[in-house]
Amino acid sequence: MRKVKISALGCYTPQRVLNNFDLEKLVDTNNQWILERTGISERRIADPGTATSDLAVEAAKQALAQRKLAPEDLDAILVCTVTPDMLFPSTACLVQKRLGATHAWGFDLVAACSGFLYGLTTGAHLVGAGTHDRVLIIGADTMSRIIDYTDRGTCVLFGDGAGAMVLEPLAENDDQRLGFIDFLGEIDGSGGDYLKMPAGGSRMPATAETVQKRLHFVHQDGQQVFRYAVRKMYEVCRDLLQRNGLSTRDVSLLIPHQANRRIITATAERLGLDCNRVVINIDRFGNTTAGTIPLATRDAIEARRLSKGDLVLFAAVGAGYTVGASLWRWAY
Ligand code: UT7
């Protein structure tokens, strides 16, 4: 296997801000409850007519520009999303066409909040195997399209956003310790009912009744998901570190999925990581599903909290359930 590095990152969030005070006008909630229970102050919402591929393309263009790559340089594009523009064709095909990535194949990957990490590890294996030189991983979700803005239990949580990373082999003159180290994933379908969009697939196609019953929106048992997430975020990080002979002392930065500030701080506490080694930006973006990890990474870079050689631990838990963590030594 070749060693693989993340060589560029691009992100995009829509301009429009939906803050907690705006939500107070839509549902029976208040700024204090949202802040205390979730850590979220505001989130970004895409304009009508904007779809996930639009966010994905903007993030992709930034990542390509950062590395001075042409779209034709890409060998594959993976779009991790639960809000594709439509069921098919895949959003990867739409993005490939819009970018003009004429040499790339690709596909969509559905793993909800763990999507970006599943994409990263899939891409790392394509590059590691030696069959692909440049793979673009995009995490993009337009959650506002599947959120019920009459349900206070979910509408306060989610926002729209996208991020993209370029994966390539380490160059000969790169420090060979940099790049991808390991990934640990787990799925547990017994949690499937606790977070889902019930209708719109082959089990329950769209009918007037499914629309009237609001079954094309996100349905969540928040407490169940919360308990599972707190336990699994910790366990997957602990196990991944252990099997690589590492401890939390070695971790420069934990970049977790941003679903709830309390889930992140509980994970960090159990791991014994203080807050200056954990990235939290949920206050500004809410939960953007597959977008959170690249968005949080971007913020860490901009705040100069991430440098070449740092050991980065990514972790996520999401609908499915899906669980994942991956370890990288940051390469730029
Ligand atoms: O990334 C995908 C994975 N998703 C997650 O990780 C989400 C995990 N879950 C959570 O983050 C939390 O469970 C929530 C933020 C969704 C809810 O927080 P909670 O502390 O678990 O609240 P709860 O569901 O236990 O509700 C407590 C109370 C209830 O009122 P009663 O029954 O005690 O009178 C709720 O009806 O808070 C009420 N409530 C609200 N009140 C004001 C629920 N949502 C709201 C709201 N504003 N938006």
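How many residues of domain 1 are in contact with how many residues of domain 2? In this structure, 50 residues of domain 1 are in contact with 44 residues of domain 2, where contact means heavy atoms within 4.5 Å.

The model is predicted: local features need pLDDT of at least 70, side-chain atom pairs count only at pLDDT 80 or more, and totals for chains, interfaces and linings use all residues. Residues are numbered from 1 along each chain as its sequence is written, and side-chain values use heavy atoms, with hydrogens and water left out.

**The two domains**

Domain 1 covers 4-169 and domain 2 covers 179-329; the bounds come from an automatic or database domain assignment. The centres of the two domains, taken over C-alpha atoms, are 14 Å apart.

The size of an interface is often given as the accessible area lost when the parts come together. Between domain 1 and domain 2, the buried area is about 3,600 Å², and carbon and sulfur atoms give 66% of that area. Buried area here is the accessible area (1.4 Å probe) that two parts lose on being put together, summed over both. On the domain 1 side, Cys113, Leu117 and Tyr118 lose the most area to domain 2, together 18% of what that side buries.

Between the domains there are 16 residue pairs in polar contact, both residues being at pLDDT 80 or more. A polar contact is a pair of N or O atoms within 3.5 Å; within protein, one must be able to donate a hydrogen and the other to accept it, and residues adjacent in sequence count only if both atoms are side-chain atoms. Several elements each supply at least two residues of the side of domain 1 that touches domain 2, among them strand S1 (4-12), helix H5 (115-128) and strand S7 (160-169). Helices (H or I, at least four residues) and strands (E, at least two) are DSSP runs, numbered from the N terminus.

**Salt bridges**

Side chains of opposite charge can pair when their charged atoms come close. A salt bridge is a side-chain nitrogen of Lys or Arg within 4 Å of a carboxyl oxygen of Asp or Glu. By this rule the structure has 17 salt bridges. Arg152 and Asp28 form one of them, with the closest N and O atoms 3.6 Å apart. Arg152 lies in helix H6 and Asp28 in the loop between helix H1 (20-24) and H2, so this pair ties together parts that are 124 residues apart in sequence. Across the interface of domain 1 and domain 2, the rule finds one salt bridge. Asp148 also forms a salt bridge, with Arg214, where the closest N and O atoms are 2.9 Å apart.

**Around the ligand**

There are 22 residues around the ligand, and Thr29, Cys113, Gln223, Asn260 and Asn287 come nearest. A residue is counted here if one of its heavy atoms lies within 4 Å of the molecule.

| Residue | Ligand atom | Distance |
|---|---|---|
| Thr29 | nitrogen | 2.6 Å |
| Arg37 | oxygen | 3.1 Å |
| Asn260 | oxygen | 2.7 Å |

**Backbone details**

A cis peptide bond joins Phe88 and Pro89, with omega about 0°. Pro89 sits in the loop between strand S4 (76-80) and helix H4 (91-99). The peptide bond from Gly320 to Tyr321 is also cis, with omega near -5°.
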